[in-house]
Amino acid sequence: MCFFVGEYFEAKLLNNTSQSQVDPLSEHWIDLRLISTLRLILAATALLVLFIDPSEPGRYVNATYVVLALYTIYSALVLIVSFRRSDLIPTQYMHWIDMVWYLALIALSNGTSSIFFNFFFFAILVASFGWGYMAGLRLTLVSTVLFTVVGVLTALQEPAIELNRLMLRPIQLVILGFLISRWGGFRINLRNRLQLLRDVTLFSNPRFGIDRTINAVLESLRAFYDADGALLLFPAKDGDESYQIYRIRRGSQVNGASPATITAEAAALFLLPSPYHAVIHNKDGQGQTLYFDLNTRHFLPADSAMSDRVAGALETSNYLSVPVHHHDEPIGRLYVCGGPHRFDNSAVDFVLELMNHITPLLENIRLVDTLASDAAEQERQRIARDIHDSVIQPYVGLQLGIAALAQKLRGGNTEILDN
């Protein structure tokens, strides 16, 4: 059952990344209904197995049957509600509620030897693949501690303590729970990264213009890391020494407003340390500053004073900074600032890959804008030539003829009136 849940989430991930448009609400309902169905099958099957083979539970038999029957009824009610009003179910707490049920079943049955021990992995799978690594890890640690406490308390009531199960099962729960959590968190992170790559591709539309496209990409990147802001530094379009700054802050509206322009001297601080080094600056608690060499792919000692000045200018305590290249030439620098996320080398690789994916799209949009401007200028020149050839020249000829007639009339030549 637990492995089936894992295979389902992996298939769902591949299906989501292959679809061009996904309805998040519909996907949430489908997940909830499937998990509710599996929960009911798990509970009903366990109840049926106990009726067929009543060798367990060994203690508090009637109470165990009652709790398991109540859990089956609870699972059925959750399934019914999920088909009618999914918004009534607190999905972020369902795995915790399941854990409480499993602890009760383990305490009433055979303690550390209980067959209900494996039910914990169902809850950990749901938490990890539904809510990420930290959710699965928290559930794993809490389950391990409570299971150990319940195991010790029940073992004290037995004449002989099964020390091997009391020691091995918590270790098994921690190790497998940690692996499941890491795997689930990795899959969710991968899905979110693919979703971000798809979104920024959709944003890269020439109809939106270069400024609105860059602002939309920065907002998507900021939201992905739950950061306080994002900043992109580009050389100005007119080819002088100035730079354009695109900046997005948490809560700001994405629009096509033109970026601010600063001098090369003011931009020099944000272009450090070099076009071939990324910077990870974490100063929350036991923070540190690291340079990541893009050529050797090694971390190097950092100039903390310089990084602190950059952090002060950005008004943040932690940031990720990567250079932006196009055709292997440095053209700017990107900053992701603030937020609860601690940046690492995987974040550097992903943001670099994202910018390598976006930069050609932005260049294409810039070229389309240039072509559109050139086409408009050529059209204006063509209209001007048409006006000159079809309207201006006859008008000038008529004006000259009228001037000649006026001159003859002023000279007393009245013969032109008879013609």
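Let's start with a group of rings: Tyr71, Tyr74, Trp101, Tyr102, Phe116, Phe117, Phe119, Phe120, Phe121 and Phe147 form one aromatic cluster. Rings of Phe, Tyr and Trp (its six-membered ring) pair if their centres lie within 6.5 Å; planes under 30 degrees apart are stacked, over 60 edge-to-face, and the rest tilted. Please keep in mind that this is a predicted model, in which local features need pLDDT of at least 70 and side-chain atom pairs count only at pLDDT 80 or more, while totals for chains, interfaces and linings use all residues. Residues are numbered from 1 along each chain as its sequence is written, and side-chain values use heavy atoms, leaving out hydrogens and water.

Now look at the inside. The largest nonpolar core has 38 residues, and Leu68, Tyr102, Phe116, Phe120 and Phe122 have the most contacts inside it. Such a core is a set of buried Ala, Val, Leu, Ile, Met, Phe, Trp, Tyr and Cys residues joined through side-chain atoms within 4.5 Å. Buried means under 20% relative accessible area, exposed over 50%, and partly exposed in between (1.4 Å probe, protein chains only). At least two residues of this core come from each of α2 (24-52), α3 (61-84), α4 (94-108), α5 (119-131), α6 (133-155) and α7 (163-203). Here helices (H or I, at least four residues) and strands (E, at least two) are DSSP runs, numbered from the N terminus. With 10 residues, α5 gives the most to this core.

How do α4 and α5 lie relative to each other? Their axes come within 9 Å and cross at roughly 170 degrees; axes are lines fitted to C-alpha atoms, for helices over the stretch in contact, and angles run from 0 to 180 degrees between N-to-C directions. The two helices α4 and α5 are therefore roughly antiparallel, a label for angles over 145 degrees, with under 35 roughly parallel, 65 to 115 roughly perpendicular and the rest oblique. Among the α4 residues that meet α5 is Tyr102. Tyr102 touches Leu42, Tyr71, Phe119, Phe120, Phe122 and Ala123, not counting residues up to four places away in sequence; contact means heavy atoms within 4.5 Å.

Finally, visit tyrosine 133. Its ring centre is 6.3 Å from that of phenylalanine 178 and the planes are at 75 degrees, so the pair is edge-to-face. Tyrosine 133 lies in α6 and phenylalanine 178 in α7, so the pair ties together parts 45 residues apart in sequence. Tyrosine 133 is partly exposed, at 24% relative accessibility.
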